[in-house]
Amino acid sequence: MIQEGELINLYHNEQRKYLLKVKHAQFHTDKGFIDLTAIIGKNFGEKIVSNLGYNFYILKPTLEQLVMKVKRHTQIIYPKDIGIILTKATIFPGAKIIEAGSGSGAFTSAAAYYIRPNGKIYSYEQRRDLFENAKQNIEKNNLTPWVEISNKKIENNFEQKNADFILIDIGSPWELIRAAYQSLKAGHKLATICPSFEQLSKTVFTLGQEGFTDIETLEVLTRRILVRPNRTRPEQRMPSHTGFLVFATKISQ
Ligand SMILES: C[S@@+](CC[C@H](N)C(=O)[O-])C[C@H]1O[C@@H](n2cnc3c(N)ncnc32)[C@H](O)[C@@H]1O
């Protein structure tokens with residue numbers, strides 16, 4: 001049963017789907033308003049009708065929605081890239097994760113979602129305004145208990161040690177590789193995302209010099225398909241370049 005404070009995907013159609021927190025309020029759309037109080041006690045999949053008689057469905061939000069709906073004040077890591085990070089990284093329920101920087105908290109939300117119920121992500125953001133925004137996004141996604149976010153510039157050391165996974169998403173990832181090495185468990189993964197080839201090669205060569213092996217670099221491309229009678233084909237537009245992902249494993253020295 002849906003409880004007050006829970007997140008829902010209020011769905012009418014592809015153009016009208018809303019990520020909302022259930023509370024004692026009305027939610028207004030161009031198809032009329034929905035009394036959110038009436039959703040408390042219902043189950044996912046049920047229908048609710050707006051005051052103008054339009055059907056909306058109460059659906060379980062996906063992690064993609066949580067990530068895409070963060071208030072963006074920076075470039076974020078997109079779901080297509082997050083998906084592969086989650087499968088290639090050493091992230092699991094209970095994992096201890098370190099992240100630099102938090103940005104808008106998109107990746108922080110995804111990692112927090114997966115490490116529940118007893119993991120923790122320690123996330124660092126150097127800029128006060130971005131730190132505040134990321135913190136609010138994490139709170140909106142109901143993920144605060146699994147995140148410890150700090151307004152701090154990481155220079156050459158992370159406070160936490162023995163992390164299961166470290167993500168570096170800053171403009172010059174190579175600067176934090178030594179710090180990451182000191183804080184990561186041996187045999188575990190580090191990942192970075194680099195928007196340009198120059199950042200990518202500098203990062204990969206530094207990883208090779210700083211005690212990492214099994215270094216893999218890739219780019220993820222996704223293509224949606226329009227399925228229609230006798231006219232099924234890929235959509236004309238594809239998401240453009242986001243970043244090159246690098247995965248590396250720490251070896252003992
Ligand atoms: C591209 S954004 C990160 C986006 C984030 N991964 C997301 O999905 O929302 C990079 C962030 O790193 C922060 N940053 C850069 N260098 C840093 C450092 N040394 N310590 C902490 N934060 C840093 C920047 O201020 C910026 O907000």
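I looked up Pro-117 first. In this predicted model, Pro-117 sits in the loop between helix 3 and strand 8. I checked the bond before it. Arg-116 and Pro-117 are joined by a cis peptide bond, with omega about 5 degrees.

I then went to Gly-101, in the loop between strand 7 (96–100) and helix 3. A cis peptide bond turns up here too: it joins Ala-100 and Gly-101. I noted omega at about -15 degrees.

**Ligand site.** Which residues come nearest to the ligand? I found 20 residues around it, and Ile-77, Ser-104, Glu-125, Ile-154 and Asp-169 come nearest. By class, I logged eight nonpolar, eight polar and four charged residues in the shell.

A side-chain N or O atom of Asp-169 lies 2.8 Å from a nitrogen atom of the ligand. Ile-154 places a polar backbone atom 2.9 Å from a ligand nitrogen atom. Ala-106 has a backbone N or O atom 3.2 Å from a ligand oxygen atom.

How much of the ligand's accessible area does the protein cover? I noted 88% of the 610 Å² that the ligand has on its own. Helix 3 (106–115) and strand 8 (120–125) are the elements that give two or more residues to the shell.

**Positive phi.** I looked for non-glycine cases. Asn-162 has a positive phi of about 55 degrees. I placed Asn-162 in the loop between strand 9 (147–151) and strand 10 (163–168). Asn-230 has a positive phi of about 60 degrees. Its loop runs between strand 13 (225–226) and strand 14 (233–234).

Is Asn-230 buried or exposed? Asn-230 counts as exposed because its relative accessibility is 84%, and the cut-off for exposed is over 50%.

Terms used:
Residues numbered from 1 in each chain as written. Predicted model: local features only at pLDDT ≥ 70, side-chain atom pairs only at ≥ 80, totals over all residues. Heavy atoms only, no water. Near = heavy atom within 4 Å. Polar contact = N/O pair within 3.5 Å; in protein donor to acceptor, adjacent residues only side chain to side chain. Areas by Shrake-Rupley, 256 points an atom, 1.4 Å probe, with all protein chains shown as cover. Helix = DSSP H or I, 4+ residues; strand = E, 2+ residues; numbered from the N terminus. Nonpolar A, V, L, I, M, F, W, Y, C, P; charged D, E, K, R; others polar. Buried < 20%, exposed > 50% of the residue type's maximum accessible area, 1.4 Å probe, protein only.
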